Amino acid sequence: MTKLSLSNIGLSITSKVILESINLELNSGELVVLLGANGAGKSSVLRSALGLVPVSTGESLIDEKLVTTLSSANRAKKVAYLPQKRPLAWPIKVFDVVSLGRYAFGVNLGRLKNDDLELVESAITNCGLEQLRNRRVDTLSGGEAARVHVARAFAANAALLLADEPTAALDPKHQLDVMQLIRRYVDMGGGALVVGHEASLAARFADRLVWMRDGGIIADGTVKETMTAAMMAEIYGVSAQIGEVAGHINVSIIDSL
Amino acid sequence: MRNPALIGGLIVASALLMLAAIMLGSTPLGTRHILQALMGQGSPGDAIVLWEIRLPRAMAAYAVGAALGLSGAALQGLLRNPLAEPGVLGVSASASLFATFTLYFGFSAISSLVLPLAAIAGALVATSFLAVVALRVNSVIALILIGVGISSFSGALMTLLMNLAPNPFSLSDMINWMMGTVANRSFEDILFAAPFLILGAVLILSSGRDLSAFTLGEEAASGIGVSLTTVRMKIVFGTGFCTGAAVAIAGAVGFVGIVAPHLVRPHVDHEPSATLLPSALLGGVILVAADIFIRVAPTTAELKLGVVAALLGAPIFVWIAAQRMQGGNSD
């Protein structure tokens, strides 16, 4: 059981307030989706949680330990991170990208030890990348590349996953694929905090939704409690109709307010 | 090891070229003469040609090429761009400027260590500046332009020094530094630079897996557990030491750091850590070959190594840049 907890996090960059009194918890076995308009501070929450940006107030604890006191490698062993921007500088092979997920465990590319190899293989299999393992990453489609990045994060075998818009720029099928992969990871005992934009997708897969506006958290609760037309209006400035289609909550955006 | 055949082949090529370098020249030496001279037998003339002229010169060319090939591969890994290189980023020029400076004021006469130390200091000033700038600008193009700026500024200051040179001797010394050459190098010159070269190589080669992690971009690299600051410092100092040592031996020799990694990369699956060692070996091979060409070419005045390297390397640089633009990868 691993726990990430943010208490009273505040973040300002050159006197601009980015985050204000953020309190948030993530436990193993739950999938939390962070929703909010562009610029609401969702990515900054993930970065603050990992200690990648120096916060002005508050603290982030991973298993009761201050994240800033953990070495980068020790933090990476507990929490895997999938940033929003996922550039790949060199056309290396899919297998090598996934292997980089084991970096914190001392992996040298091309010389993986057995335990590392097993985890890399299982991440590749779980994400359906067997056919692509020896492909150069510059030959992949957007959907394939997204799965490679998810596999890279899974290869760490970390207890928690923080993913920043893992479904951005993907077609509906690939969005569904990626969310299903994350859901399966959580069902097998992981904990995931995912930044998303697709309300219906979030409602379908999340255990909890955290709603953000202007650097603060407006609501944090189950899908049933918080996925309301009023919330959609407050967070996104749109009128929406919340219904049910084929057993899943469905959010239809009607108009901008 | 990703491609043992490549590394084996480069080691064999290195040995063969070194042999060719000591055999060829204005008076060709046969294998028997070489073996005798190596054993300390044979004619004193052969011994002098081998020990005092050809072997140190060939070793200097190899060391400089290896240092620059390694520095290029390391900088490219750190900045995630195949156009990064000590010459293009102004590191060599800054090192040459500092070296020229000690020549101009006669500091280099104080101790044989002054010139290598000055060259290394010059290289470190440039690499540190680039590392600080790299934290602030996200565009690698901007960074390369800043490097070009450092290069031009160092060049301008060097020209100023030449402009004010007190006598033709110091002027010709300076011109040699600017053009880059390994002619008339002794083992002593190599030995003074060697500790820095080795230290730099250790720093770079021990960062291989970090550079591979940088493939994912700095944020994701940090996410998988890379300490960005440590890696940046290791590469800044590693390339500073290596490039400084190379400049201390030969002056400014450009483009080896671009060409060698570029040729190596496709054979090691483009993997940054696997690019390092073969780039160093190939860099050495390229410069020894270029230096043999210089020595046997029927020119009235001997060509300078830096000039030949630039004549070969600059078009390749342009070609790589053009290819990247075509591929739509403009950063």
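Predicted model: local features only at pLDDT ≥ 70, side-chain atom pairs only at ≥ 80, totals over all residues.
1. Now look at the strands beside S8(A). Strand S3 of chain A (residues 31-36) runs parallel to S8(A) and is joined to it by 4 bridges. As an example to find on your screen, A:Val33 has A:Val194 as its bridge partner in S8(A). Strand S7 of chain A (residues 160-164) is also parallel to S8(A), with 5 bridges between the two. In this pairing, A:Leu161 has A:Ala192 as its bridge partner.

2. How does the chain get from S7(A) to S8(A)? Follow helix H6 of chain A, residues 172-187: together with S7(A) and S8(A), H6 makes a β-α-β unit, and this unit is right-handed.

3. Step back and you will see the whole sheet. This open sheet has 6 strands of chain A, in the order S6-S7-S8-S3-S9-S10, and its pairing is mixed. Its edge strands are S6 (79-82) and S10 (216-221) of chain A, each of which pairs on one side only. On average, neighbouring strands of the sheet are turned by 15° against each other, direction ignored.

4. Helix H5 of chain A (residues 142-155) lies across S6 and S7 of chain A, and runs at about 165° to S6(A).

5. Chain A has another open sheet for you to trace, with 4 strands in the order S2-S1-S4-S5 and antiparallel pairing. Strands S2 (16-27) and S5 (65-66) of chain A stand at the edges with a single partner strand each, so one side of each has no neighbour in the sheet. Strands S1 (residues 3-13) and S4 (residues 57-62) of chain A run antiparallel and are joined by 5 bridges. Within this pairing, A:Gly10 stands opposite A:Thr57 of S4(A).

6. Next, turn to where the chains meet. In this contact, 23 residues of chain B touch 26 residues of chain A. On the chain B side, the elements giving two or more residues are helices H9 (208-213), H10 (218-223) and H13 (272-296) of chain B. Which of them gives the most? H10(B) does, with 4 residues. Sorted by class, the side of chain B that touches chain A has 8 nonpolar, 9 polar and 6 charged residues.

7. Finally, here is a helix pair inside chain B. Two packed helices are described by the angle between their axes and the distance between the axes. For H5(B) (residues 114-136) and H11(B) (residues 228-250), the angle is about 145° and the axes are 7 Å apart. Their crossing is right-handed. Residues making the contact include B:Ala119, B:Ala123 and B:Thr127 of H5(B), and B:Val236, B:Gly240 and B:Thr243 of H11(B). By class, this contact has 12 nonpolar, 7 polar and 1 charged residues.

Definitions and conventions. Residues numbered from 1 in each chain as written. Chains lettered and ligands numbered in written order. Pairing = 2+ DSSP bridges. Right-handed = clockwise from strand over helix to strand, strands pointing away. Axes fitted to C-alpha atoms, helices over the stretch in contact; angles between N-to-C directions. Contact = placed C-beta atoms within 7 Å. Nonpolar A, V, L, I, M, F, W, Y, C, P; charged D, E, K, R; others polar. Left-handed = near helix turned anticlockwise from the far one by under 90°.
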